[in-house]
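Student: I have a new structure to read and would like to learn how to go about it. Could we work through it together?

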Amino acid sequence: MNYFNHAFRVSNGLTRHVNIFARKAYVTFLVFVFLCVFGIKPTYAQTLEQVYYPSVSTNITIGNTKIKYKTALFIKFDSEEKPDIYHFQNALSLGLYKSKKIKIDGSLLYRRYNVFDENTTNEFRPSQTIKITSLFKVLVLENSLKFEQRFRETYSNRWIYKIQFGGMNETFKFLPTKINNEFLYSFNSTSTGYENRFLVELANSVLNQPVSISIQHRMKNIFSDKDLKHLLILKTDISLP
């Protein structure tokens with residue numbers, strides 16, 4: 001009898017988590033449909049790509065220094081033949097300064113594009129991030145500025161402003177665990193570009209495991225004569241101890 005009671009409780013718990021996840025996914029889907037259909041350009045001047053972005057992250061301790069390591073793949077599904085591994089990357093980040101509200105990080109990212117193509121290229125991105133965190137009861141508000149220096153075939157800069165809200169699901173379980181929006185400005189000596197990224201984290205734990213699931217919408221070629229480009233990205237991240 002105890003076995004059946006335990007199985008019944010597990011089943012109810014799993015059903016409750018699935019229902020909450022489904023509500024979050026439905027709300028997120030409606031938001032992304034709105035962004036794709038009612039973009040700042042006519043629908044016929046827009047394109048849509050589907051992407052899967054899995055990653056694995058862990059912390060490495062060297063002496064008294066803790067470094068975060070993250071590796072990821074960027075897999076496109078716009079090809080009818082097979083998924084395309086567009087790039088592979090490794091990143092290291094290090095905390096340079098931390099107070100109660102302000103945090104400064106430095107990071108270095110290596111990215112290899114067109115992994116299985118003869119025209120593969122490499123990119124290196126050092127960056128610096130300033131983050132300011134504010135607490136409002138259970139709500140966590142983060143504002144950050146990130147400055148990237150991008151070395152590929154040519155050199156360019158990218159400045160990124162990010163605003164993030166977390167903790168909403170502490171009060172209402174059906175709300176996402178995290179929402180953020182990034183606005184990106186990239187430039188070099190010959191061109192400029194603008195991009196917006198909106199992310200909803202649906203879960204930061206799956207079956208009590210450190211796995212997060214997010215959906216992100218990226219809108220490229222803003223304020224340009226090019227067709228507006230949408231990327232709908234499913235992101236999963238596994239955090240190793």
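Student: Let's start with one residue. Which strand holds Ser55?

Tutor: Ser55 has its place in strand S1, which covers residues 46–62. Keep in mind as we go that this is a predicted model.

Student: Is Ser55 buried or exposed?

Tutor: The way to read this is to compare the relative accessibility with a cut-off, and buried means under 20%. Ser55 has 8% relative accessibility, so Ser55 counts as buried.

Student: Which residues does Ser55 touch, leaving out those up to four places away in sequence?

Tutor: There are two stretches to look for. One is Lys70, Thr71 and Ala72, and the other is Thr236, Asp237 and Ile238.

Student: Lys70 is in that list. What stands opposite Lys70 in S3?

Tutor: Ala91 in S3 stands opposite Lys70. To read strand pairing, look at the direction of the two strands and the bridges between them. Strand S2, residues 65–76, pairs with strand S3, residues 84–98, in the antiparallel sense, and the pairing runs over 10 bridges.

Student: How many bridges link S3 and S4?

Tutor: S3 pairs with strand S4, residues 102–113, over 11 bridges, again in the antiparallel sense. Find His87 and you will see Tyr113 of S4 opposite. The link from S3 to S4 is a hairpin of 3 residues.

Student: Where do the side chains go in a strand?

Tutor: In a regular strand they alternate between the two faces of the sheet.

Student: Now for the whole chain. How many helices and strands are there?

Tutor: The chain has 1 helix and 11 strands.

Student: What share of the residues count as buried?

Tutor: Of the 241 residues, 34% count as buried. The accessible surface is about 15600 Å², and 61% of that belongs to carbon and sulfur atoms.

How values were computed:
Residues numbered from 1 in each chain as written. Predicted model: local features only at pLDDT ≥ 70, side-chain atom pairs only at ≥ 80, totals over all residues. Heavy atoms only, no water. Helix = DSSP H or I, 4+ residues; strand = E, 2+ residues; numbered from the N terminus. Buried < 20%, exposed > 50% of the residue type's maximum accessible area, 1.4 Å probe, protein only. Areas by Shrake-Rupley, 256 points an atom, 1.4 Å probe, with all protein chains shown as cover. Pairing = 2+ DSSP bridges. Contact = heavy atoms within 4.5 Å.
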